[in-house]
Amino acid sequence: MIIKQYQKYLVTTYFYHFIIVSIVFLCLGFILNFFEELKFFDDHGVVSYYPFLLALLNMPSLLFELFPFVFLITTKFFYIYLNDKNEIEILKNNGISYF
């Protein structure tokens, strides 16, 4: 299957937005989880890298739980980006349908 130039552009643009939104969610999730682990281990007097390690190990499951929201926000940013550059109208005028 040969991918046309506009399909390649749309896919790369979408994945670019997906990566940006995923990084933002990972950073926010890590920061929130790290502070919660610090609050939990505050009374126990453990070494300071344990909360960091536990927050880091919890990131894959957190991203998996937040994936529907990441997908939704990525799609929204993708269409906003296409609408700002009038690329939806350009694709529609060239005979490319949405379906």
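H17 sits in helix α1 (helices being DSSP runs of H or I, at least four residues, numbered from the N terminus). The model is a predicted one, so local features need pLDDT of at least 70 and side-chain atom pairs count only at pLDDT 80 or more, while totals for chains, interfaces and linings use all residues. Residues are numbered from 1 along each chain as its sequence is written, and side-chain values use heavy atoms, with hydrogens and water left out.

With a relative accessible area of 13%, H17 is buried (under 20%; exposed is over 50% and partly exposed in between, with a 1.4 Å probe and protein chains only). Leaving aside residues up to four places away in sequence, H17 touches T74, F77, F78 and Y81 (contact being heavy atoms within 4.5 Å).

Helix α3 covers residues 59-84 and bends by about 55° at L66, the bend being the angle between axes fitted to the seven residues ending there and the seven starting there. M59, V70, T74, F78 and L82 are the buried residues of α3, and their cover includes α1 (5-40), α2 (49-57) and α4 (87-93). After α3 comes N86, with a positive phi near 55°.

Over in helix α2 there is L53, which is partly exposed at 38% relative accessible area.

Conventions. Helix = DSSP H or I, 4+ residues; strand = E, 2+ residues; numbered from the N terminus.
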